[in-house]
Amino acid sequence: MSKPQLLLHACCGPCAAGVYEELEKEGWEVTFLFYNPNIHPYDEYCRREENFYRYIETTGQRGITPFPYQPMDYFQSISSEINRCNGCYRLRLKKVAEWGKKNSFQYFSTTLTISPYQNQKNIFLVGEQIANNVDMIFLKKNFQPLYRNSRDRSIELNLYRQKYCGCLFSLWEGDKKRIWKFLFGQKPS
Ligand code: SF4
């Protein structure tokens, strides 16, 4: 019997590396799709994409990047949302689902839920709304228990691990915390 095919949105190489083995054990045939126009600046995007392919190539997985880097899509998608992260999730998951539908996938999901810094409840809500719209199934996987595994695998495979979520705002917020800590010895409250 053939395995069920899962189209899995990958935010980066370390997260893809962290979740793969568990999905394989569960019997999924995984195709990773790198689609992250939220990442700023372009150099950082290239670095994350390059490390995604380092993981794909060294482990012989399936990985694709069917869309070019178009950061304006990210800014447009957050402009109509009160919560910018929801706009960011919606853009990425919608594009992945639409591509999956065209290419005969029934299931899609995302590696984003591995991060303790992401809002898992909102990712699930957005994923389910999109699944209903495109007539696919969103696999609601809580990958958070694999966060440490992602760190270990990325060290083993020598993958770059980013220091901020991805967008311009998260870069600023991270810088603000680092500067505050440098000046006052603690993070801003
Ligand atoms: S913090 Fe992360 S999830 Fe939220 S908008 Fe920025 S890149 Fe997207």
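How do strand β1 and strand β4 pair, in the parallel or the antiparallel sense, and over how many bridges? Let's start there. Strand β1, residues 5–10, and strand β4, residues 107–110, pair in the parallel sense, and they do it over 4 bridges. Before I go on, please keep in mind that this is a predicted model.

If you find Y107 in β4, you'll see L6 standing opposite. Now look for the bridge partner of Y107 in β5: that's I137.

Next up, the ligand. Which residues surround the ligand? Here's the list: N38, Y74, R84, C85, C88, Y89, R92, Q118, C165, C167 and S170. If you sort that shell by class, you get 6 nonpolar, 3 polar and 2 charged residues. And which helix gives the largest share of the shell? That's helix α4, residues 84–102, with 5 residues. As for where the ligand sits, the space it takes is the largest pocket.

While we're on helices, have a look at Q76, over in helix α3, residues 71–79. Is Q76 buried or exposed? Its relative accessible area is 52%, and the cut-off for exposed is over 50%, so Q76 counts as exposed. Q76 and L91 are 15 residues apart in sequence, and their C-alpha atoms are 9.4 Å apart in space.

Now for the aromatics. The structure holds 17 aromatic pairs. Let me pick one of them, W99 and F105. The ring centres are 6.3 Å apart and the planes sit at 40 degrees, so this pair is tilted. Why tilted, and not stacked or edge-to-face? Because stacked needs planes under 30 degrees apart and edge-to-face needs over 60, and 40 degrees falls into the rest. F105 has 13% relative accessibility, so F105 counts as buried; the cut-off there is under 20%.

There's also one aromatic cluster to point out. It is formed by Y20, F32, F34, Y42, Y45, F52, Y53, Y55 and Y69.

Most residues other than glycine have a negative phi, and most peptide bonds are trans. With that in mind, where is the cis peptide bond? Go from H40 to P41: that bond is cis, with omega near -10 degrees. P41 lies in the loop between β2, residues 29–34, and α2, residues 42–59.

Then we have two residues with positive phi. S104 has phi near 65 degrees, and S104 is not a glycine. You'll find S104 in the loop between α4 and β4, and S104 is exposed, with a relative accessible area of 68%. D135 has phi near 60 degrees, again positive in a residue other than glycine. D135 is in the loop between α5, residues 120–134, and β5. With a relative accessible area of 61%, D135 is exposed too.

Note on methods: Residues numbered from 1 in each chain as written. Predicted model: local features only at pLDDT ≥ 70, side-chain atom pairs only at ≥ 80, totals over all residues. Heavy atoms only, no water. Near = heavy atom within 4 Å. 1 Å grid on protein atoms, 1.4 Å probe; cavity = no way out; pocket = protein on both sides within 12 Å on 5 of 7 lines; lining within 4 Å. Sits in = over half its atoms within 2 Å of the grid points. Nonpolar A, V, L, I, M, F, W, Y, C, P; charged D, E, K, R; others polar. Pairing = 2+ DSSP bridges. Phe/Tyr/Trp six-rings, centres within 6.5 Å; stacked < 30°, edge-to-face > 60°. Buried < 20%, exposed > 50% of the residue type's maximum accessible area, 1.4 Å probe, protein only.
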